[in-house]
Amino acid sequence: MIRALVLDGCINSALAVTRSLSMHGVSVTCGAESVLCKTLYSKHTSRKLVYTSPERCLSGFIRDIKKELISLHYDAVFAVSDKTVLALSLKRNELEQMAGLAIAPHEPYMKALNKVDTITAAQTLAIPVPKTFFPETIQDLKLIENEIFYPLVIKPRQSEYPAGDRIVSGGAPTYAANSVQLHETFRNYNSQLPLPMVQEYIPGQGRGVFALFNKDGKCAAYFAHKRLRDIRPTGGGSSYRESAELDETLKYYTEKLLNHIHWEGVAMVEFREDKRDGSFKLMEINGRLWNSLALAVASGVDFPYLLFKLCSGDDVPPVYTYQKGLKCRWIMGDIRHIIEVFRGRPQGYTGDFPKLLPAIGNVVFDFFREKSYYDVLSMSDPGPFAAECIAFIATPIRKKITRLLQGKCIDGNF
């Protein structure tokens, strides 16, 4: 029997991988950190695994994965979050003796994960990037303040870091509209991590190029979509998007950059279209499968199965055409979008920001305006959406109870 182990069952892309591989006759075991994770309840999941989070204990996570790989033969292991990809990559030499790893080789992945390496490579290749600084100390801010213009984006150098026996999140980007906010952010930054980078804010729309590269460095598949609505109005993942024509300039930049770092496997190269002059600026490389993967599969680019074939050593047929104009929605992402709008504009953010009532109207109206595909909702596979709704309600309650119990323990009253 052909088997695949798919990790990160709480993430939409894990569900898209599971559904895709199952439709191609692959028996899928889904792994997750919690029994509330939606992909565990898909009819396409043949076996379930709950493992230790690498954020809590890296060695425990690796132990759980090894135990599963010993118990059954697996042809491929998929990871779709940076924390699990990084965890697997750090132990790649041990794990790839047990199963194929559907992740990029370690050195290219680390170059993509580290934004300093990404920005430096782009500058070497004359790929436009935002003006960016990498201060090593808080005192360095004084040296660059004469060279920067507000507003600024303050980003972690990596989305995830190895720290002892844990994987630690670098945190979300923040914004600074003036020097006071910039210095405040740096003073409050996690002292255990490298200081974040400082980047000029680029007004405009995010543009992504999704690609799969063979072992010989040739691209086997391309895809592009247009964001119609972001989960956070400040940018990030989308809750509603449409398959679109791939811009030739972005394709050229993507090939040039990924070939430079000797990429193999899937990647999403993110750009921003500067509305001031229409130019594209490279933002980052996501060296993994992406949250909106369901749209690519629906449009005719089955990245999960292509990656499975690559991982298995089979030839990957080129896929350069796909259906344009398909729309795909993440309902829970739309709900989160409304919540983010309700919370209001983040400190230091000066870009466009929607008002609450029009935001609610757009989300509701889009349900009736035209046909859409869905990341999670499926009439033929309803379990994941039901589990997602339950988790949406239960998770905040569980976290609050945990904090209360922890507080009682600290106070000595429990």
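In which sense do strand 6 and strand 11 pair, and over how many bridges? They pair in the antiparallel sense, over two bridges. The model is predicted: local features need pLDDT of at least 70, side-chain atom pairs count only at pLDDT 80 or more, and totals for chains, interfaces and linings use all residues. Residues are numbered from 1 along each chain as its sequence is written, and side-chain values use heavy atoms, with hydrogens and water left out.

**View 1. An open sheet of four strands in the order 6-11-7-10.** The pairing is antiparallel. Strand 6 (132-133) and strand 10 (174-176) stand at the edges with a single partner strand each, so one side of each has no neighbour in the sheet. Thr 132 stands opposite Gln 199 in strand 11. Strands (DSSP runs of E, at least two residues) and helices (H or I, at least four) are numbered from the N terminus. Two strands pair if DSSP finds at least two bridges between them.

View 2. Strand 13 (residues 219-230) pairs with strand 14 in the antiparallel sense over five bridges. Asp 230 stands opposite Ser 238. Strand 17 (residues 327-329) runs antiparallel to strand 14 and is joined to it by three bridges. Tyr 240 has Arg 329 as its bridge partner in strand 17.

**View 3. Arg 329 over two rings.** Arg 329 lies over the face of Tyr 240, at 4.2 Å from the ring centre. It also lies over the face of Phe 367, at 4.7 Å. A charge sits over a ring if NZ of Lys or CZ of Arg is within 6 Å of the ring centre and within 35 degrees of the ring normal.

**View 4. Aromatic pairs.** The whole structure holds 10 aromatic pairs. Tyr 201 and Tyr 349 have ring centres 5.7 Å apart and planes at 85°, so the pair is edge-to-face. These two residues are 148 residues apart and link distant parts of the chain. Tyr 201 counts as buried at 12% relative accessibility, and Tyr 349 at 5%. Trp 290 and Phe 303 are also edge-to-face, with centres 5.0 Å apart and planes at 80°. Phe 210, Phe 223, Trp 290, Phe 303 and Tyr 322 form one aromatic cluster. Rings of Phe, Tyr and Trp (its six-membered ring) pair if their centres lie within 6.5 Å; planes under 30 degrees apart count as stacked, over 60 as edge-to-face and the rest as tilted.

Conventions:
Buried < 20%, exposed > 50% of the residue type's maximum accessible area, 1.4 Å probe, protein only.
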